[in-house]
Amino acid sequence: LFSAVELAPRDPILGLNDAFNADARPSKVNLGVGVYTNDAGRIPLLRAVSEAEKARVAAATPRGYLPIEGIAAYDQAVQSMLFGNDSALIKAHRIVTVQALGGTGALKIGADFLKRLNPSAQVAISDPSWENHRALFEGAGFAVVNYPYYESATHGVAFDALIAAFESYARGTIVVLHACCHNPTGVDLTTEQWRKVVEVVAARGLVPFLDIAYQGFGDGIDADAAAVRLFADAGVSAFVSSSFSKSFSLYGERVGALSIVTQSADESKHVLSQLKRVIRTNYSTPPTHGGMIVSAILNDSALRAMWEEELGEMRTRIRTMRTSLVEKLRAAGARRDFGFVSAQRGMFSYSGLSAQQVDRLREEFGIYAVGTGRICVAALNTRNIDAVAAAIAAVID
Ligand code: PLP
Ligand code: TYF
């Protein structure tokens, strides 16, 4: 049965973790995978999460099956976070939200549903994008192309080329957009550019699929949802996959959601019934723990305030690490100006390092980064940043 099974390629990012774990050097630094670690180098357990968990254990709640679409209070909290408390679309029942197994699970449910709706559509993802975008949509049976996005010469967005690509797509083409904190580049569109994208998407009849995995890591919870809300204001039918993996530091609990903007309350009912069918035939119902914890925090004013403060601390720490890295590279005599790193948003930076330079960082200094030059700025801390800056300065000479 298995004699002809080929070895599948490793995930280029998750595969780095194995190599990192096997490295015996005590000074090693993992800037590969997108995980936030605190100044002590550990994945934090947020205080708000810990409080909510204590309350949950004390209440000794039974663990029955959840509804297929997940916890109602969770789904509502997701909608408010994405679309705003006063969203007219929420009031008009034009948003359908289902709990999902992380942002990845949300993308998968959305992709499977889209495949039933429009099997011959093409999917366009940014060049570059999170590698799993291509794999997920190809896995769901779609042909996937890239639209121009990152321009290395300017460390910015090739915006005219992006718009030209969108204008060339057939109606119904699914365009996957990073709503904030672009992975892997850290380079986002400006509000003006988003307005233009919304206009072109609406005019050309494209299907926007917004992926928001880092809400709160860029400029704040509401500011980071600006793109989602611009699409909502335009009344375009849209998909939004969201994740609490990073913002609640609950990576392994798999807490995310898929939200779909429809044209009417009636459409919403039909769409929800189809999403439930997709979920039922994948994993039946979502898990309880992560959803219960996030829902408890988002729906309690004291816990919510505590969480927002902790999220703010994570955001501020990342930004401090960005400016600190720029300064330390300058002080280390780096021949390039890395000022662009402070303007980037979220966990990542496309550092401009070549694959060979990334190899040297790993081999000579025990510093792990993705071969594309992506570094996870959220893994820098006051203990490792001097060594990282010195090593980068050394390999670019
Ligand atoms: N989308 C993007 C752009 C991501 O970077 C990630 C990162 O993990 C995800 C989706 C998936 O999130 P999750 O870990 O919640 O599945
Ligand atoms: O890009 C990252 O590092 C995170 C984590 O298949 C991740 O989004 C990476 C690869 C993958 C799943 C999650």
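**Ground rules.** Residues count from 1 along each chain as its sequence is written, while chains are lettered from A and ligands numbered from 1 in the order in which they are written. As this is a predicted model, local features need pLDDT of at least 70 and side-chain atom pairs count only at pLDDT 80 or more, whereas totals for chains, interfaces and linings use all residues.

**Confidence.** I checked pLDDT (the predictor's confidence in each residue, from 0 to 100) before anything else. The chain has a mean of 97, and 100% of its residues reach 70 or more. For the complex, the predictor gives an ipTM of 0.97 and a pTM of 0.97.

**Domains.** I looked up the domain bounds, which come from an automatic or database domain assignment. Domain 1 is made of 14–45 + 304–395, and domain 2 covers 65–287. Their centres, taken over C-alpha atoms, are 27 Å apart. I then looked at the contact (C-beta atoms, placed from the backbone, within 7 Å), to which domain 1 brings 22 residues and domain 2 brings 20. On the domain 1 side, α13 (301–331) and β11 (348–350) each supply at least two residues. Helices (H or I, at least four residues) and strands (E, at least two) are DSSP runs, numbered from the N terminus. α13 gives the most to that side, with 4 residues.

I found an unreviewed entry with the annotation "domain: Aminotransferase class I/classII large", covering residues 27–392. Its positions are in the numbering used here, feature names are shortened, and annotations may be inferred rather than shown by experiment. Over residues 27–392 I read 47% helix and 16% strand, with the end C-alpha atoms 15 Å apart.

**Ligand 1.** I listed the residues around ligand 1 (C-beta atom, placed from the backbone, within 6 Å of it). Among them are Gly-34, Thr-104, Trp-130, His-178, Asn-183, Asp-211 and Ser-245. Helix α5 (residues 102–117) gives the most to this shell, with 3 residues. By class I get 2 nonpolar, 9 polar and 1 charged. Here Ala, Val, Leu, Ile, Met, Phe, Trp, Tyr, Cys and Pro count as nonpolar, Asp, Glu, Lys and Arg as charged, and the others, Gly among them, as polar.

**Ligand 2.** Around ligand 2 I noted Asp-11, Ile-13, Leu-14, Val-33, Gly-34, Trp-130, Asn-132 and Asn-183. This shell has 4 nonpolar, 3 polar and 1 charged residues. It draws at least three residues from each of domain 1 and domain 2.

**Phe-217.** I tracked Phe-217 to the loop between β8 (207–212) and α9 (221–224). Phe-217 counts as buried because it has 24 C-beta neighbours inside 10 Å; the cut-offs are 20 or more other C-beta atoms within 10 Å for buried, 12 or fewer for exposed, and partly exposed in between, with C-beta atoms placed from the backbone. Not counting residues up to four places away in sequence, Phe-217 touches residues including Lys-246, Met-314 and Ile-318. Phe-217 and Lys-246 are 29 residues apart in sequence, yet 8.6 Å apart C-alpha to C-alpha.

I found a cis peptide bond from Asp-127 to Pro-128, omega near 5°, and another cis bond from Asn-183 to Pro-184, omega near 20°. Ala-60 is exposed, with 6 other C-beta atoms within 10 Å, whereas His-155 is buried, with 20.

Conventions:
Contact = placed C-beta atoms within 7 Å.
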